[in-house]
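Here's a quick briefing for anyone opening this one for the first time. Have the 3D view ready, and follow along as we go.

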Amino acid sequence: MALINPHINFNGNAEEAFNFYKSVFGGEYTKIIRFKDISNPDFPILEDEANKIMQIILPIGKSFLIGNDVPKILGQVNEKENRSKISINTENKEEAERLFKGLSMGGEIEMPISNSPWGTYFGMFRDKYGIEWTIEYIQ
């Protein structure tokens with residue numbers, strides 16, 4: 001069964017925010033990936049963004065709080081709206097594909113579901129109601 005987790009976008013202060021959340025909820029990060037960790041010729045990273053957070057995950061009970069910094073090339077996050085996504089982690093690739101296909105129908109695909117540079121099976125879209133989603137299977 002799929003697990004739904006909140007995913008928050010930040011304008012460069014994801015690490016600071018997550019250190020705050022960690023101080024409140026406790027626990028340890030299960031993942032911290034910086035943009036420099038996934039930089040490659042097909043996905044070059046600007047030097048001033050290399051240490052920003054590509055993905056950070058803090059377990060809270062059976063769920064996860066997920067966050068990232070938005071690269072400048074994608075513009076600023078409007079901090080009063082469209083700042084978060086609903087993130088679904090699936091048990092297998094087939095479930096990821098089924099949910100991606102169903103939920104994205106009539107919407108706008110931002111990143112087709114496929115193998116990601118960080119080693120998962122991942123896709124991102126805005127559904128027909130304007131809600132942003134990510135679907136991920138950790139292989």
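**First look**

Start with a pair of facing residues: Ile 33 stands opposite Gln 55, which is in β3. Keep in mind that this is a predicted model.

- The strands form an open sheet of eight, in the order β2-β3-β4-β1-β5-β8-β7-β6, and the pairing is mixed.
- At the edges sit β2 (31-34) and β6, each of which pairs on one side only.
- From one strand to the next, the twist averages 20°.
- Helix α1 (residues 14-25) packs on the sheet, where it touches β1, β2, β3 and β4. The direction of α1 makes about 5° with that of β3.
- Helix α3 (residues 93-104) packs on the sheet too, touching β5 (84-89), β6, β7 and β8. Its direction makes about 10° with that of β7.

**Around β3**

- Strands β2 and β3 pair in the antiparallel sense, over four bridges. Besides the pair we began with, Lys 31 stands opposite Ile 57 in β3.
- β3 is joined to β4 by five bridges, and these two strands also run antiparallel. Pro 59 has Phe 64 in β4 as its bridge partner.
- The hairpin of β3 and β4 has two residues between the strands, and Gly 61 there takes a positive phi near 65°.
- Is β3 enclosed or open? Six of its eight residues are buried, so the strand is largely enclosed by the rest of the structure.

**Gln 55 up close**

- Gln 55 has its place in strand β3. With a relative accessibility of 4%, Gln 55 counts as buried, because the cut-off for that is under 20%.
- Which residues is Gln 55 in contact with, leaving aside neighbours within four places in sequence? They are Lys 31, Ile 32, Ile 33, Ile 66, Gly 67, Asn 68, Trp 118 and Glu 136.

**Around β7**

- Strand β6 (residues 108-115) pairs with β7 in the antiparallel sense over five bridges. Asn 115 stands opposite Tyr 121 in β7, and Glu 108 has Arg 126 in β7 as its bridge partner.
- Five residues lie between the strands in the hairpin of β6 and β7, where Gly 119 takes a positive phi near 90°.
- β7 also pairs with strand β8 (residues 132-137), again in the antiparallel sense, over six bridges. Here Arg 126 stands opposite Glu 132 in β8.
- Five of the six residues of β7 (residues 121-126) are buried, so this strand is largely enclosed by the rest of the structure.

**The largest pocket**

- The largest pocket has a volume of about 790 Å³.
- How many residues line the largest pocket? There are 31, and those nearest its centre are Asn 68, Val 70, Pro 71, Leu 74 and Met 124.
- By class, the lining has 17 nonpolar, eight polar and six charged residues.
- At least two lining residues come from each of β1 (3-10), α2 (35-38), β3 (53-60), β4 (63-69), β6, β7 and β8. The largest share, three residues, is supplied by β7.

- Lys 22 lies in helix α1. Its relative accessibility is 23%, so Lys 22 counts as partly exposed.
- Not counting residues up to four places away in sequence, Lys 22 touches Gly 27, Glu 28, Tyr 29 and Leu 58.
- Lys 22 and Ile 60 are 38 residues apart along the chain, and their C-alpha atoms are separated by 9.3 Å.
- Pro 41 is found in the loop between α2 and β3. Pro 41 counts as exposed, because its relative accessibility is 80% and the cut-off for exposed is over 50%.
- How far apart in space are Pro 41 and Lys 22, C-alpha to C-alpha? They are 34 Å apart, with 19 residues of separation in sequence.

Terms used
Residues are numbered from 1 along each chain as its sequence is written. This is a predicted model: local features need pLDDT of at least 70, side-chain atom pairs count only at pLDDT 80 or more; totals for chains, interfaces and linings use all residues. Side-chain values use heavy atoms; hydrogens and water are left out. Buried means under 20% relative accessible area, exposed over 50%, partly exposed in between (1.4 Å probe, protein chains only). Two strands pair if DSSP finds at least two bridges between them. On a 1 Å grid over the protein atoms alone, a cavity is a set of points where a 1.4 Å probe fits but cannot get out, and a pocket is an open set with protein on both sides within 12 Å along at least five of seven lines; lining residues have an atom within 4 Å of a point. Grid points are joined across faces, edges and corners, and a volume is the space filled by probe spheres set on the points. Ala, Val, Leu, Ile, Met, Phe, Trp, Tyr, Cys and Pro count as nonpolar, Asp, Glu, Lys and Arg as charged, and the others, Gly among them, as polar. Axes are lines fitted to C-alpha atoms, for helices over the stretch in contact, and angles run from 0 to 180 degrees between N-to-C directions. Contact means heavy atoms within 4.5 Å.
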